[in-house]
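Please read them alongside the coordinates.

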Amino acid sequence: MLAAAGAWTAAAGAQQQTPLPQPEATEIWQPVPAVVIPGETAGAPPSDAIALFDGKNEDEWVSAQDHTPARWTVADGLLTVAKNTGNIETRRHFHDYQLHIEWRIPADIAGSGQGRGNSGVFLASTGPGDAGYELQVLDGYKNPTYVNGMVGSIYKQSIPLVNAARRPGEWQTYDVVWTTPRFNADGSLKTPAYVTVFLNGVLVEDHFQLKGQTLYRGQPFYQAFDGAAIKLQAHGDKSAPISFRNIWVRELP
Ligand code: MG
């Protein structure tokens with residue numbers, strides 16, 4: 001017993017004599033991150049954001065069908081879906097980004113399920129119509145539907161972690177971090193798309209790995225692209241059109 005105790009003491013003594021590295025050895029000083037001035041209020045764009053809609057005009061948007069200027073309704077600082085003119089998308093293309101977008105289902109919304117306040121934010125538009133990667137916009141207040149198509153879902157791929165929807169008539173927010181999929185020269189997938197989404201400040205998608213484009217029918221798959229527009233959906237449901245405001249994006253390095 002005595003010998004064992006002596007060995008233990010010797011080992012502890014050796015440990016104490018090993019000098020710790022200087023604290024400076026683990027301090028990193030370069031590169032210095034760029035200074036970004038945060039928005040003054042919650043949801044306000046920071047200084048390095050690109051305003052995609054600031055209430056004045058829809059100059060940053062074009063028809064997803066033919067790339068002519070967007071013809072949704074701009075009034076009272078809001079961008080409201082004009083269903084007969086189809087989907088709109090950004091003139092600019094993006095890779096990885098942070099997106100903030102606010103939207104409102106009309107208070108007098110009618111219909112049910114997928115026919116009740118349906119729109120969508122396509123985080124990457126890969127063609128006209130609904131081609132791309134859709135983050136669903138839908139009335140989620142007492143409006144049952146398939147859960148991988150409810151508000152906060154990546155359409156038909158992910159079930160949101162929770163239902164954080166507000167009532168129709170109230171403004172809601174999406175804050176999104178999008179990592180674009182990347183492809184090899186032969187078109188095969190190199191790295192998949194990932195998305196993190198907060199709905200009204202509540203985490204609903206936690207670094208979700210996408211299986212490919214979001215499809216109405218069939219299983220998702222990837223098709224190569226390099227940079228894409230962000231698209232908003234003019235859904236063909238018969239319920240009253242929803243409105244958007246305060247849309248901004250920060251392209252990530
Ligand atoms: Mg939709």
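1. The largest cavity is lined by V81, K83, G117, N118, S119, D237, S239, A240, P241 and I242. A cavity here is a set of points on a 1 Å grid over the protein atoms alone where a 1.4 Å probe fits but cannot get out, and lining residues have an atom within 4 Å of a point. This is a predicted model: local features need pLDDT of at least 70, side-chain atom pairs count only at pLDDT 80 or more, and totals for chains, interfaces and linings use all residues. Residues are numbered from 1 along each chain as its sequence is written, and side-chain values use heavy atoms, with hydrogens and water left out.

2. The lining of the largest cavity comprises four nonpolar, four polar and two charged residues (Ala, Val, Leu, Ile, Met, Phe, Trp, Tyr, Cys and Pro count as nonpolar, Asp, Glu, Lys and Arg as charged, the others, Gly among them, as polar). The largest cavity holds about 40 Å³ of space, a volume being the space filled by probe spheres set on the grid points, which are joined across faces, edges and corners.

3. N118 (OD1), S119 (O), E134 (OE), Q136 (OE1) and Q233 (OE1) coordinate the magnesium ion at 2.2 to 2.3 Å. Donors are N, O and S atoms within 2.8 Å of the metal (3.2 Å for Na, K and Ca); water is not among the atoms, so the site may look incomplete.

4. N118 is buried, at 5% relative accessible area, and E134 is buried, also at 5% (buried means under 20%, exposed over 50%, partly exposed in between; 1.4 Å probe, protein chains only).

5. P31 counts as exposed, at 72% relative accessibility.

Key. 1 Å grid on protein atoms, 1.4 Å probe; cavity = no way out; pocket = protein on both sides within 12 Å on 5 of 7 lines; lining within 4 Å.
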